[in-house]
Amino acid sequence: MRAYADHPLTRIWLVLLLATVVSWWWGSNDTSGSHGATMVTGVALFTIALVKCRLVIRHYMEVKSAPSWLRWTCDAWLLLNFGMVSSFYWLAT
Amino acid sequence: MNITDQRICLWLVPGFGAVLAFAFLLFPGFFPPLSPAMSADEVARFYRDNVGPLRASMIVFNFCEVMFIPFFMVIVVQMQRMKNPSRAFAYSYLSAAASGATMFALADIAWLVAAFRPERSPQLIMLLNDLAWMAFITPVGFIIAQNFCLALAVYMDAQPKPVFPRWVGHFNIATALLMAPAAFALVHLNGPLAWDGILSFWVRIGTYVLYVAVMFLVVRSAINRQALEQRVAA
Amino acid sequence: MPSSSGTSRRLPGDADIWVFVVGDMLIFSAYFAAYLFTGRMGSRELFLRSEQHLSQTSGLCNTLILLTSSLFIALCVHAARLGNLRLASRFLELGGACGVGFLLVKVFEWHSKLASGLTISTNAFFMHYYVMTGVHVAHILIGLTFLMVVRRELGGAQAPRMELVEAGGIYWHMVDFLWFMIFSLLYLMR
Amino acid sequence: MSSALEAHPGAASASEAVPTVKNRKLDQWICWWSLPIFYNLFGLIFVYLGKLMPPPRPGLTTDEIVAFIQKNAASMQAAWVLLTLSLGFASLSSGLIIVQMKRMTTSPVLAYAYMAALAVAALPGCLLCTTMFSLAAFRPDRDREIIALLYDLGLLSFVGSLGCFVTQYMVFAIAIFLDKRGIFPKWLGYMSIWGAVTELVATPIWIFRSGPYAWNGLISFWLGTLIFVVWEFCLIVSLFRAIKQQPLDEPGNHA
């Protein structure tokens with residue numbers, strides 16, 4: 001198991017860990033009252049989540065080396081969610 | 001294969017058929033059948049006045065109504081002896097028979113619940129009465145599907161001595177068509193299609209009784225021949 | 001044994017699991033859309049107030065548990081590919097144990113919500129909260145079953161079918177990243 | 001049934017003289033055609049006549065419910081007549097699926113479980129909704145509270161009969177995953193998991209009278225229906241392929 005301590009998969013895990021803690025810290029200290037700031041924070045937090053999703057999809061699910069239709073499908077799904085969240089946040093500010 | 005079990009299931013038909021016929025004659029609302037045009041108060045009065053025989057009849061029904069299922073399963077076993085390309089129709093028949101019995105059981109529950117507290121609001125008694133008659137008369141679709149499956153299986157039975165003779169196929173389709181009009185029972189308050197009408201009540205029930213009686217004889221001779229063939233082969 | 005080098009284009013698992021995963025991703029997007037629609041367009045204030053009752057800490061714990069579990073499963077697939085089945089099984093068991101840990105935290109979280117009177121019928125926010133986390137837990141349970149199937153495959157007498165091992169991993173990672181989004185939408189974003 | 005076959009070997013030798021059915025899969029094809037025909041018919045019944053799809057709102061007042069029933073009484077009764085006459089033929093599709101499932105390398109347990117679950121489903125999941133609506137439509141002048149009760153009973157049994165279908169989806173998925181002959185494609189098994197999860201997501205209909213998880217909700221109803229239609233379509237296509245690819249001389253493919 002020790003051979004895996006410095007494995008690329010483990011490094012991805014460290015990045016995921018870091019991103020999670022950062023977004024948690026940001027989210028729990030978000031006391032900005034104004035709606036405009038909430039929108040920026042909200043969309044930014046969601047973007048971090050999408051980046052984490054993409055890391056898992058690319059590296060853990062090995063879509064990185066998959067045929068291009070699958071890579072495009074996964075990215076299109078991430079974009080779809082991004083578009084959905086940001087438009088809802090933009091519409092309701 | 002042992003055929004004693006088939007014979008037992010077969011002879012449940014005359015046994016429980018007689019009991020069910022007795023319960024049918026005992027029911028106070030069949031001679032003549034209760035009219036759907038009755039008002040809620042009339043329906044409620046009927047239940048108040050006839051609690052005794054109604055309960056007696058319907059408790060017997062409740063106890064014995066699913067006793068024809070073993071007989072239908074004998075038909076399924078006989079269908080599996082046919083030289084059909086596959087057993088698709090036998091399984092379809094089984095599935096339809098099981099679904100059909102649930103509707104029949106529902107009718108009896110509604111009648112007994114209505115009789116359980118006849119002092120209930122007349123509107124509620126009438127609702128239960130409607131539900132009972134509807135579940136008793138109208139759900140003919142399952143037996144129609146059963147009969148069509150059996151008919152098709154008989155027509156496709158490719159052997160010199162088919163399990164059931166060909167006319168059984170025609171007979172099944174004819175009886176299915178005769179029972180079909182009963183599906184319209186919950187549309188009309190009067191006339192031959194209303195639930196007390198000639199088509200929905202007498203033709204439907206008469207056809208069913210005739211169907212079971214004829215199929216009893218047909219299945220009996222099929223089992224007898226199966227026994228004979230087994231003895232010859234042994 | 002398929003090579004793990006990144007240059008050759010190869011579909012991980014099999015096409016069947018991808019039909020499921022892509023479809024399920026879209027189905028979850030529909031849940032997210034329903035949540036956002038109610039939360040942003042209708043009951044903005046209600047959602048803001050209700051979100052305060054969720055424990056961001058237990059959400060964080062669950063996220064960390066799940067992404068660690070994903071790491072173990074990814075390592076399991078990697079080890080299995082190299083033929084080290086004993087190690088692969090160990091990784092798989094660790095990953096599965098994390099999955100069980102996730103369930104425990106979730107049950108604890110639900111329990112504390114219910115104990116303070118916040119049920120599915122409290123308001124629209126908690127309706128979404130219980131349905132979404134509930135559906136996700138159902139996915140975890142199916143995933144744990146899948147992992148058990150993979151464990152049996154790894155411990156079998158014959159060489160494991162790699163497409164099955166990979167499919168199990170793909171399913172589990174999907175459950176993992178869908179949780180990232182639920183965590184972000186329900187627990188963090190205002 | 002193998003013993004039954006051994007019991008009359010005479011029939012097998014004599015069968016050459018008998019005209020056999022020309023199409024050796026005729027019965028399966030008849031059952032297969034029942035699927036597109038009856039699902040279209042059910043669509044007509046539920047959408048056009050029965051007014052069950054799209055479902056009316058759960059949040060209607062008693063007066064609105066009575067008005068809804070009175071307005072659509074005639075077509076609801078037509079829906080009941082058509083459904084009660086045709087629902088039995090849905091069992092033909094069960095029969096076909098059992099025949100194909102019994103070709104799998106799994107034991108017939110799952111096939112029988114599938115059949116039994118669907119035999120149960122026919123009543124609460126399909127027939128009961130039109131039963132309740134047509135009871136209401138039969139006497140639209142009934143007590144208003146009773147009409148409202150029948151309305152709830154009809155719609156909740158229609159959208160909320162979850163258990164039978166979860167069981168059906170589950171045993172179907174298990175059978176497909178365990179089968180080594182590939183009678184049905186594995187993705188159909190995965191799609192059945194979607195189906196089972198959709199039923200889970202429909203559970204909140206018992207609680208909410210509005211919103212996405214009510215009985216007419218975006219998720220509970222529309223997403224569930226969409227997935228069901230996609231699943232049913234894929235099932236029909238997969239059955240077509242399974243029958244087509246079945247060899248004529250397959251052992252076990254007999255009377």
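**Core and chain contacts in the predicted complex**

Setting aside neighbours within four places in sequence, D:Tyr114 contacts D:Ile97, D:Ile98, D:Met101, D:Gln168, D:Val171 and D:Phe172 in this predicted model. D:Tyr114 is also one of the residues that touch the most other members of the largest nonpolar core, a set of 244 residues; B:Tyr93, B:Ala132, B:Ala153 and C:Cys76 are listed with it. Helix α6 of chain D, spanning residues 109–138, supplies the largest share of this core, with 19 residues.

Turning to the contacts between chains, 45 residues of chain B meet 51 residues of chain D. On the chain B side, two or more residues come from each of α4 (69–81), α5 (88–116), α6 (122–137), α7 (141–155) and α9 (198–233). Among these helices, α5 of chain B gives the most, 10 residues. Sorted by class, the side of chain B that touches chain D holds 27 nonpolar, 13 polar and five charged residues.

Chains A and C also meet, through 40 residues of chain A and 37 of chain C. Here the elements of chain A that give two or more residues are α1 (8–28), α2 (35–60) and α3 (68–91). The side of chain A that touches chain C is made up of 26 nonpolar, 10 polar and four charged residues.

As for confidence, the model scores ipTM 0.89 and pTM 0.89. Chain C has a mean pLDDT of 91, and 96% of its residues reach 70 or more. Residues 1–6 of chain C, however, have pLDDT below 50, and this stretch makes eight contacts in the model beyond near neighbours in sequence.

Definitions and conventions:
Residues numbered from 1 in each chain as written. Chains lettered and ligands numbered in written order. Predicted model: local features only at pLDDT ≥ 70, side-chain atom pairs only at ≥ 80, totals over all residues. Core = buried A, V, L, I, M, F, W, Y, C linked by C-beta atoms within 7 Å. Buried ≥ 20, exposed ≤ 12 C-beta atoms within 10 Å, placed from the backbone. Helix = DSSP H or I, 4+ residues; strand = E, 2+ residues; numbered from the N terminus. Contact = placed C-beta atoms within 7 Å. Nonpolar A, V, L, I, M, F, W, Y, C, P; charged D, E, K, R; others polar. pLDDT = per-residue confidence, 0-100.
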